[in-house]
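Let's take a friendly walk through a two-chain model, stopping at a few places worth a look. Keep the structure open beside you as you read.

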Amino acid sequence: MRRGYWSGVWREFRKNRLAVAGLGVVLALIAVAVLAPLLANNRPYCYVTEGKVYFPIFYDYQELRDKDLRKDEFRGFKIFPPVRYSYSEYDLNSIVTGPGRRHLLGTDEQGRDLLARMIHGSRVSIFIGFIAVSIYVAIGIFIGSIAGYYGGWIDIVISRFIEIVMCFPTFFLILTILALWGPSLLSVMVVIGITSWTGIARIVRGEFLKLRETDFVVASRAVGARDLWIILRHILPNALAPVLVSATFGIASTILIESSLSFLGFGVQPPTPSWGDILSQSRDFMDFAWWLTFIPGFAIFITITAYNLVGEGLQEAIDPKSPGR
Amino acid sequence: MQPRPLLTIIFAAIAFLPAGCARLAPAKDPHTLYMHMGAEPGTLNPITATDAYSHSINLRIYETLVDREYDTLKIIPQLAERWEISPDHLTFRFYLKKGVRWSDGVEFTADDVVYSYERIKDPKVACAQLKVYYIDIRKCLKIDRYTVEFVYSRPYYLALVFCGGMPIVPKHIFDTGVDFNTHPNNRHPVGTGPFRFDSWSTGKNITLVANERYRGAKPEIRRVVYKFISEPSVALQMLKKGDLDVMGVREIEWVRQTNSRKFNEKFYKKKYFMSSFSYIGWNESRVFFQDRRVRLAMTHLINRKEILDKLLFGLGEIVTGPFYIFGDSYNRDLRPWPCDPARAKQLLKEAGWEDHDGDGILDRNGKKFSFTFTISSGSKFAERLTSILKEDFSKVGIEMDINRYEWAVFLDKIQSRDFDATSLGWSDPDFQDDPYQIWHSSQIEGGSNYIGFSNREADRIIETARQEFDPAKRVKMYRRFHAILHHEQPYTFLYTMPALAAVSRRFDNVKVHKRGMNFVEWKVRSTQ
């Protein structure tokens, strides 16, 4: 029965072309993030010379350390990644050069290849989105299901607690905590995770309140199933769809928060790139290096839009009242 | 000396400025000067203020007993008419000018001087960095209404500069039983200088107007507005639009964004060197940097020339020591250590750092050479510098992480000596040279010698030089001291960067002195 439900959702989702396009962009971005070291790297995949075969990108060879294999002095058969630069190598002789043959998207103020940095920066954005959202979805489901399943005074206490947490301005709470803990990717993820779960908790609570009165739940309670079993096996799977929608929007807003934090200098530590960080570094050069602000800004825009389209598509697909049905 | 964030301070806040509104404003009064200020001062009390911003405003409101001539740095009378120094260099008697009035009309007397001295000495008053310089004063006496005397417990060649340059606040305003640190007049100063306080609009600006009771020549500029704009690129746009008259510009703006003919028709570009330098400090209490050879190796690994040329557009000079590069104390026989990775490897090997286990990272006794470089998040230069260093160090097998913190947290980390390496700058606005505060081993705990530099000969030179009144002999000592620092490399000295300023051509007589610019002497050009 559940399989049927999800394939129905997929059928509905597929009808929405924009949402499918958004999903395509999201999947492409995930692929880029996962494959980043293989897409932009200053070492070749494979290097064959004097009868020996090396795979410098995958293994560390003592004799090839500190050697720039891109140079012509290293003869032999070489296969390089599409972008032949790593995200951290600098070249002070080509500072802030515009997009061109050597550097497809130009270079930044240290002569680092912007494309390589964008590719590696996508890892931070995607990674942070997924981890932070997983953290808060987990917290939200846990708290929301307890409140919704047990109801009564437990629900009252938890609901008031949720309202208290919602009162905190998240962004400033994040800034405060980062100032105390010191900025790092981990603390950004944890902080977003532990401050943004309230929306999910409310949705889950609502679904549980509705579902716990349904016949199949009453029936399984009647045959003596334990609470944990009922929550996990019977109610939760039926409450997940709206959570998924909310999580999709959540990833988008998390990416935006990370970019804002990086822009303010609270995000990743240099030289690790993230889109917000690239944007922040480039605002000094705004009037003569358009590519340094435009490209990361555009990337953020596209990513957020894609996630939001997917979220909206999902929302429509699971909505029984949507006009498509 | 004042610590300052490397080269520029950009506070982590974005100013939302109403971009278009200034155009609607009525025609500007030509006698008003609009100054740019990168951040808002915390207080305008000259005794408790610590940041450079409040100093630059207080300089116009408050005066001291003596002043220094703008070009020769000679000590000249300001609130004191004349002074006498005892032959043992211990007693300083000042005869105050008569009839000087605070901007509220009350007369300035010896009581104000004694009161201010007592506040500096008062343990309840938060001014630690000022107290350091008055430890050696035994007492400050009121002889009569217009005479005060300072008695030192030991001679010090800068004694006159410090007792004569002591900040003086009006007793009748502050001595009201309210806590000095939070006194309401800290935001409403009353002074004797050429300008008096007018208004402070929090988050926006501070306005000063000409002090009608000022006894000296009246400045042509009648009103000064200090505008707080934390984002430098926004400030530059405002300057170009004419909403600012004066601002310090950054290197990249100097080279690439202020060269149009239009800009140069509207603004003077002034470039001058003050006594300041930037450096990388190696914490000597860390196992990596205890060894002089390792510190020297680090210096050899840094391509200071290329970084200066490419990141700072070659505007500054590489320095080898802490003194003013064009001053007498600076030892010109010393050449900056060159960038020489091979020599660095050799030195690291001598110190026992080698890649024994073949993992690509140097180690000694099983400990990896892996350290953290702590920087403040406001400094973009530090960020750029460290990401270059990380790349260069990794090539010889040194692992380096970069941690950036918000300015207050960062300063706290530095002062509690909780860092491996860091990059900062020092400035010595009055060209005093005395290295005691930064380099004497007594200043390691809780003082400014937070990297833990301790050298017996250096300590001795610092102490004897303080009591040496013959400038020629002192210069000799300081040059030797400079050579010790060059040898020991407690810091990797980086650069002294020029002050870069753009000033509107609405003004004439904009001169650059050794102490910098002084808008009190500027003339307003007759309206075109």
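This report visits a helix in chain A, a lysine in chain B and a sheet in each chain.

## A note before starting

Please bear in mind that this is a predicted model.

## An enclosed helix in chain A

Start with helix H11 of chain A, which covers residues 275-282. Here 8 of the 8 residues are buried, so the helix is largely enclosed by the rest of the structure.

What does the helix pack against?

## A buried lysine in chain B

Next, find B:Lys227 in strand S11 (residues 223-228) of chain B. This lysine is buried, yet it has no salt bridge. Which side chain of opposite charge is nearest to B:Lys227? It is that of B:Asp243, 5.3 Å away, whereas a salt bridge calls for a nitrogen–oxygen pair within 4 Å.

## A four-stranded sheet in chain B

Chain B has an open, antiparallel sheet of 4 strands, in the order S5-S6-S8-S7. Strands S5 (80-85) and S7 (137-144) of chain B stand at the edges with a single partner strand each, so one side of each has no neighbour in the sheet. From one strand to the next, the twist averages 20°.

Inside this sheet, strand S6 (residues 91-96) and strand S8 (residues 147-152) of chain B are antiparallel and pair over 5 bridges. B:Tyr95 is found opposite B:Thr147 of S8(B). Helix H2 (residues 110-121) of chain B lies across S6, S7 and S8 of that chain, and runs at about 160° to S7(B).

## A three-stranded sheet in chain A

Chain A has an open sheet of 3 strands, ordered S2-S1-S3 and paired antiparallel. Its edges are strand S2 (52-54) and strand S3 (77-79) of chain A; each has a single partner strand, so one side of each is without a neighbour in the sheet. The twist here averages 10° from one strand to the next.

Strand S1 (residues 46-49) of chain A is joined to S2(A) by 3 bridges, and the two run antiparallel. To locate this pairing, look for A:Val48, whose bridge partner in S2(A) is A:Val53.

Terms used:
Residues are numbered from 1 along each chain as its sequence is written. Chains are lettered from A and ligands numbered from 1 in the order in which they are written. This is a predicted model: local features need pLDDT of at least 70, side-chain atom pairs count only at pLDDT 80 or more; totals for chains, interfaces and linings use all residues. Side-chain values use heavy atoms; hydrogens and water are left out. Buried means under 20% relative accessible area, exposed over 50%, partly exposed in between (1.4 Å probe, protein chains only). Lys and Arg count as positive and Asp and Glu as negative; His and the chain ends are not counted. Two strands pair if DSSP finds at least two bridges between them. Axes are lines fitted to C-alpha atoms, for helices over the stretch in contact, and angles run from 0 to 180 degrees between N-to-C directions. Contact means heavy atoms within 4.5 Å.
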